[in-house]
Amino acid sequence: MARGPDNSNAGDALLVAYLDGELAPEARRELEGRLGADASLAARLAALAQASQPLKSSFDALLKAAPRARLDGAYAAALVRASRRRPRSYRQILTAAAAALLLLIGGGAAGYLIATGPGNLFEEADTFEDAWIDAVAGQLSLYNSASVEAIQVSEAEQKASLAKLGQMLKLDLSAPTVEFEGLTLKRAELLHFRGQEIAELLYASDTHGPIALCITAKPGGEEEGEVESRNGLNFTYWAKGGRRFLLIGDAPEDRIEALADKIAERFSL
Amino acid sequence: MTVAAYDVIAAELPALLPRLWRYGLVLTRDPAAAEDLVQATCVRALERSSQFTIGTRLDRWLFSILRSIWINQLRSQRVRTGQGLVDPESVLVLDGEQQIETNIFAGQVLKRALELPEGQRETLLLVYVEGLTYQEAAHVLNVPIGTVMSRLATARLKLSGMQAPSAESDDEVAG
């Protein structure tokens, strides 16, 4: 129950809460006592009561305007996407696929499909994306704080690696760009996966386990991921400006998310 | 993995899509971004179904998820990519053509409501349109209940054209 507002319109906030039936019994009785004794307060209450707007009906117009077929299409895509990522039973995958198909057929979600591309909806689990993340997660899970801390690379060597990787990705990977608070860059190296070159920057973290940032060239559209878990590591990936980024580490979800925001900002092209 | 929670969400989510989109629209003031938010919300809700407690309100849980995605990802991304925030005038036009049909008065109320600062307009929506209690709204918005009270009072005064003692204050608490 409401206790009190936190700024200077305290009086009005109390009156509005009273009108909304949100005051605790004690506060309500106290206010009613004051209303009986204070004519200007009572007048203010009456004015506030009169001034209420037809908000519900106004906003309900937005429900009517909702692009329902497209939202059904978005939901169908979400069902398939979620079934790809979650460890699920065969029955659930079938249910998701059937539900997605029904929505697409029945919902007339053609607009959505054209916008997102049908390939996106029916990608199988074994995409480059998933396999790549699995490979990096597998590699990173072999490290702990001590083993990553133990990596010794000379400054000159690291500078040369960053320059080479930066050249490959056509990105500025010089020291200030790849330095983040609370993280120490331990190694920058070139990895290969299914013929694709991947730059991996491996960090030791002051407060958590190892964190890796992988970048690979990837022509095509933009994509945005959310923080997910694999092999006990949290990760997020996104695509922008012809590059694909994967941030993965033994760190809490919010740390990964905040760091990803910072990295995306650094590399906003 | 909680199969039962997943099944409840999958069964009830489709009917909630328009309301999620409306919340997304109130936050983003952009129909296409609202659609993206709805899809991201669906994916996250399905993936994290085990975190949903059966017997509690699914709509509240989804509102929290949608808001968190907006705050943590899309909003900052839009600012980063220079898309910025959308002019409230353009909200009432969908797909460049299809005007949202409202009567003139409701349209004016809606337009003025969408011009309020983000914190005020989402609080207004949750309490007065979606029917959340102050306590529930405070929980979804992750603010103290006093902030909910201040925002509602300020928003109501602005919408009615009454003098607000602190009319310019959006009283956003830190974070």
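## A helix and what follows it

In chain B, helix α6(B) is followed by N142(B), a residue with a positive phi near 60°. Helices here are DSSP runs of H or I with at least four residues, strands are runs of E with at least two, and both are numbered from the N terminus. This is a predicted model, where local features need pLDDT of at least 70, side-chain atom pairs count only at pLDDT 80 or more, and totals for chains, interfaces and linings use all residues. Residues are numbered from 1 along each chain as its sequence is written, while chains are lettered from A and ligands numbered from 1 in the order in which they are written.

Helix α6(B) spans residues 134-141, and its buried residues are Y134(B), A137(B), A138(B), V140(B) and L141(B). Buried means that 20 or more other C-beta atoms, placed from the backbone, lie within 10 Å of the residue's own. Seen down the axis of α6(B), these residues fall within an arc of 165° (taken from the directions from the axis to the C-beta atoms), so they line one face of the helix.

## Chain A at a glance

Now to chain A, which has 13 helices and 7 strands. Of its 269 residues, 35% count as buried.

## Strand β2(A) and its neighbours

Strand β2(A), residues 196-205, is mostly covered, with 8 of its 10 residues buried. Strands pair if DSSP finds at least two bridges between them. On one side, 10 bridges link β2(A) antiparallel to β1(A), residues 183-193, and L185(A) has Y203(A) as its bridge partner. Their hairpin has 2 residues between the strands, and R194(A) takes a positive phi near 50° there.

Strand β2(A) is also joined to β3(A), residues 211-217, by 6 bridges, again antiparallel. Here A199(A) is partnered by I215(A), and 5 residues lie between the two strands of this hairpin.

Methods:
Buried ≥ 20, exposed ≤ 12 C-beta atoms within 10 Å, placed from the backbone.
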